[in-house]
Amino acid sequence: MSATSERHIVVLTGAGISKESGLDTFRDADGIWAKVRLEDVATPEAFARDPVAVHAFYNARRSRLAGGGVHPNAAHEALARLAGEWPGRVLVVTQNIDDLHEKAGSRNLVHMHGELLKVRCAACQRVFPRTSDLGVGDACGDCAATGTLRPHVVWFGEMPMEMERIYDALSACALFMSVGTSGNVYPAAGFVEHVGLSGDAHTVELNLEPSVGASLFAETVYGPATEVVPAYVDRILEQGW
Ligand code: BV8
């Protein structure tokens, strides 16, 4: 179908899009959950039980991301180019908490699972940028409470961010692209079915290998994100889908 200004695109991304930038995924053999249990570091209960361990887990990832050695790759850049050249709206909904989509130039972007380079005060809810380590004794820069600062990320059992905006975009899109996600985590893993309910949107999975929800997509393209995403963006800019 041709490119027209009222045909909008939603792109869901997961850890696989940042793998070739040097960041670990979660469920690959060498992934994060192979080294630490999510129940010990990525739930509110874990934080209440052992905040020192949870801070250490996020401090290590934050210092790696903020250290200057991690850069967006051709897949992040292709999605920014798509948004710049496509006549309709392009919304990137990322499950990732890194800042590589922003660094690649994406502006219409939702971090549904939060952002590693921000912290939030559980007392006053203020959100602050943060690149340095966070500790249990740190004081909130706004309300001065201590021990209330946490990573501004969505843990298991917590409501993802901007869900109404996401579902509105899914209902209105003509193309849904899923990039670099295993399809294990909800509600993100259910987005493809939500799109299917709204009529004739096209759905495509671009991943290294079939995800749990692969059969739910009208089209699938497998390979490294830095190869398959730029090629797919070129194709839809030239000839649509
Ligand atoms: C919620 C932030 C409700 C922190 C993360 C049904 C419905 C609703 C909820 C549930 C449900 N069933 C279960 C639940 C609960 C739970 C859930 O889904 N559990 C799973 C484990 C079964 N969901 C939740 O708790 C969510 N909250 O539902 O709230 C609610 C309602 C009312 C009121 C209150 C609450 C919250 C989930 C968010 C948790 N936070 N992260 C952090 O990052 O530390 S999740 C974590 O997993 C990351 O965000 C990650 O992005 C996400 C998904 O993982 P992927 O990105 O897919 O990564 P993965 O490693 O799995 O896969 C990588 C893929 O890339 C692979 O397929 C691989 O092949 C591919 N790949 C690798 N290399 C490349 C590549 N692809 C291309 N190129 C390459 N080079």
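These legends describe close-up views of one predicted model.

**View 1. The whole chain.** The chain's secondary structure comes to eight helices and nine strands. Its radius of gyration is 18 Å, close to the 18 Å that the globule rule gives for 241 residues, so the chain is as compact as a globular protein of that length. Along the principal axes, the C-alpha atoms fill a box of roughly 55 × 35 × 30 Å. Of the 241 residues, 51% are buried. Take the contacts between residues at least 6 apart in sequence: 64% of them join residues at least 24 apart.

View 2. Six strands form an open sheet in the order 3-2-1-7-8-9, with parallel pairing. Its edges are strand 3 (109-111) and strand 9 (219-222), each of which pairs on one side only. On average, neighbouring strands are turned by 15° against each other, direction ignored. Helix 4 packs on this sheet and touches strand 1, strand 2 and strand 7. The direction of helix 4 makes about 165° with that of strand 1. Strands of a sheet pair through backbone hydrogen bonds, either parallel or antiparallel.

**View 3. Strand 7 and its two partners.** Strand 7 is mostly covered, with seven of its seven residues buried. Strand 1 runs parallel to strand 7, and six bridges join the two. Strand 8 also pairs with strand 7 in the parallel sense, over five bridges. Follow S178 of strand 7 across the sheet. It stands opposite L12, and its bridge partner in strand 8 is E205. L175 has a bridge partner in strand 8 too, namely H202.

**View 4. The largest nonpolar core.** This core holds 24 residues, of which I9, M177 and V229 touch the most other members. Six elements each supply at least two of its residues: strand 1 (8-13), helix 4 (74-85), strand 2 (90-94), strand 7 (173-179), strand 8 (202-207) and helix 8 (225-239). Helix 8 gives the most, with six residues.

**View 5. The surroundings of I9.** Leave out residues up to four places away in sequence, and I9 touches L82, W86, R89, V90, L91, L175, M177, I236 and W241. One of these, M177, is listed with I9 among the core residues that touch the most other members. Another contact, L175, is the residue bridged to H202 in strand 8.

**View 6. The buried face of helix 6.** Helix 6 spans residues 163-172, and its buried residues are M163, I166, A169 and L170. Seen down the helix axis, they fall within an arc of 130°, so they line one face of helix 6. What covers them includes strand 1, strand 2, strand 3, strand 7 and helix 7 (191-197).

**View 7. R126 in its loop.** R126 lies in the loop between strand 4 (114-121) and strand 5 (127-129). Is R126 buried, exposed or partly exposed? R126 is partly exposed, with a relative accessible area of 37%. Not counting residues up to four places away in sequence, R126 touches V119, R120, C121 and D142. P187 is 61 residues from R126 in sequence, and the two are 25 Å apart in space, C-alpha to C-alpha.

Methods:
Residues numbered from 1 in each chain as written. Predicted model: local features only at pLDDT ≥ 70, side-chain atom pairs only at ≥ 80, totals over all residues. Heavy atoms only, no water. Core = buried A, V, L, I, M, F, W, Y, C linked by side-chain atoms within 4.5 Å. Buried < 20%, exposed > 50% of the residue type's maximum accessible area, 1.4 Å probe, protein only. Helix = DSSP H or I, 4+ residues; strand = E, 2+ residues; numbered from the N terminus. Contact = heavy atoms within 4.5 Å. Pairing = 2+ DSSP bridges. Axes fitted to C-alpha atoms, helices over the stretch in contact; angles between N-to-C directions. Arc of directions from axis to C-beta. Rg over C-alpha atoms; globule rule 2.2 N^0.38 Å.
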